[in-house]
Amino acid sequence: MSPTSHRVRRNRRRLLLIVAAVVATAVVGAVAFVAVNLAGAANGIHHSDAELPTAAPGVAQDEGEQNILIMGLDSRVDEDGKPYPQEIYDAIHAEDASVGGYNTNVLMYVHIPAGGGQAVAVSIPRDDYVDYAGAPGGTKKGKIKEAYGRAFAAKNDELRAAGVAEDDAYQQARDAARTEEMQTVSQFLGGVPIDHFVEVTMAAFYRVAQAVQPISVCLNHATADTYSGADFVAGEQQIDAAQAMAFVRQRRDTKYDDVFLTDLDRTRRQQAFMVSLALKLRDAQTFTDFGRLQDLLDTAKQYVAVDKGFDLLSLASTAQRLAGGDVTFQTLPVERFGTVDGESVNIVDQKAIAAQVGALLHPAPAATTDPGTDATPDPTDAPATSAPAASPSPTSSVYTDSQQPMRAGSVPCVN
């Protein structure tokens, strides 16, 4: 066997753990556990029959690229609709199973290019007002996060009325909800394909945070919030699992008069935590207690769902370079905040977003100059309109604007 093969075998566990961190916060919750025992995970993780969207006609897609949608639910129940243990509700400030619904409060589209190149993770603000792909329950437009819950409710009611058993109806309704959410996201981003998805609840996130705590995060200012339980000082600090939940859920400040936070800041917090988690997972000593991880794997099986074709090993070859910083996080722009039917929403330009996503996923090659021609371009040759160029790579680890691209590789400071 070649030296390369030996290295691959030695590092496979570590690579899979690192993959988890760089795909998304939700993927960390799923894959970090799965990596401990692939065979056991395959028999326990929920594998969904949800339909994956293919690329719309004319949308670029390279053979070998990977496009993964991360869906983080705000539901307070596991994948079978059962309540969490009380200690989880207490730790994550989530009351009980009667609170919350099936909104996808975290939506992140992760593009890993074929044959190398910088990966990009695109966060979709949860309150973006969009067209629903399948008009679930007769509703054609709404917040993007609500496509899942609307489709779940409509399908579950339909199946129960037809006499389908409660548990069977529940699982079929969850698959219908996943399909609707993915189709809506694909349509919103310009008809992009979704090759795989990972769905997690808050409990899965909490369990993986328990496995790796403490985790380093950094804040630009002190902040506190009685709703999420957040209470942080300024600067870099280490947080435990319960604090991690507060860190990624905080979207307001209830203590300091000069601190103003929004949902976009919460999205940026989620990105920052993922970067910090990747750094922690890169430490070879992080996951040496495999007995503890096996226990966590058994718990994670209750809180994670993936598509049937999701293959962890297919991502291992890209793990090290991504964890080292070869991935950039973007947040889609919001035109303005508005109100529709009495609800606060994000007003967005769907065509501009589709163009931006296309440029991020498949940037145009850099222009080259023919030595035999004048290097100065003629402005009359420029097209009348063009898609927005991909954002430049960031040069700082301090982020004060949610629109700044965030680069993995060091602990980021955020609002």
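Modeller: In this predicted model, helix α8 is mostly covered, since seven of its nine residues are buried (under 20% relative accessible area with a 1.4 Å probe and protein chains only; over 50% is exposed, and partly exposed lies in between). Helices and strands here are DSSP runs, H or I of at least four residues and E of at least two, numbered from the N terminus. The buried members of α8 are A241, A244, M245, A246, F247, V248 and R249. At the start of the helix, a side-chain oxygen of D240 comes to within 3.3 Å of the backbone nitrogen of A242, which is a polar contact (an N or O pair within 3.5 Å, one able to donate a hydrogen and the other to accept it, with sequence-adjacent residues counted only if both atoms are side-chain atoms). Residue numbers run from 1 along each chain as its sequence is written, and side-chain values use heavy atoms, without hydrogens or water. Local features need pLDDT of at least 70 and side-chain atom pairs 80 or more, while totals for chains, interfaces and linings use all residues.

Of the contacts with a separation of 6 or more, 73% are between residues 24 or more positions apart.

Another pairing involves strand β4 (residues 119-123), where five of its five residues are buried. A119, A121 and S123 point to one side of β4, V120 and V122 point to the other, and all are buried. On the antiparallel side of its pairing, β4 is joined by four bridges to strand β3 (residues 104-112), with H111 opposite V120. These two strands form a hairpin with six residues between them, and G115 in the turn has a positive phi of about 70°. With strand β13 (residues 327-331), by contrast, β4 pairs in the parallel sense over five bridges, and here V120 stands opposite T328.

E65 is buried, with a relative accessible area of 7%, and beyond its neighbours up to four places away in sequence it touches H111, I112, P113, A114, P193, D195 and H362. A polar atom of the E65 side chain lies 3.0 Å from the backbone nitrogen of D62, and a polar contact of 3.4 Å joins the side chains of E65 and H362. Q61 is placed in the loop between β1 and β2 as well, but it counts as partly exposed at 36% relative accessibility. Not counting residues up to four places away in sequence, Q61 touches A55, N67, P193, D195 and H362. Q61 and P113 are 52 residues apart in sequence and 9.5 Å apart in space, C-alpha to C-alpha.

Turning to a helix pair, α5 (residues 146-161) and α6 (residues 166-188) pack at an angle of about 145°, and their axes are 7 Å apart. The contact includes A147, Y148, A151 and F152 from α5, and among the α6 residues that they and others meet are Y170, A173, A177 and E181. E146, which lies in α5, is buried at a relative accessible area of 13%. Leaving aside neighbours within four places in sequence, E146 is in contact with N103, Y132 and E343.

Methods
Axes fitted to C-alpha atoms, helices over the stretch in contact; angles between N-to-C directions. Contact = heavy atoms within 4.5 Å. Pairing = 2+ DSSP bridges.
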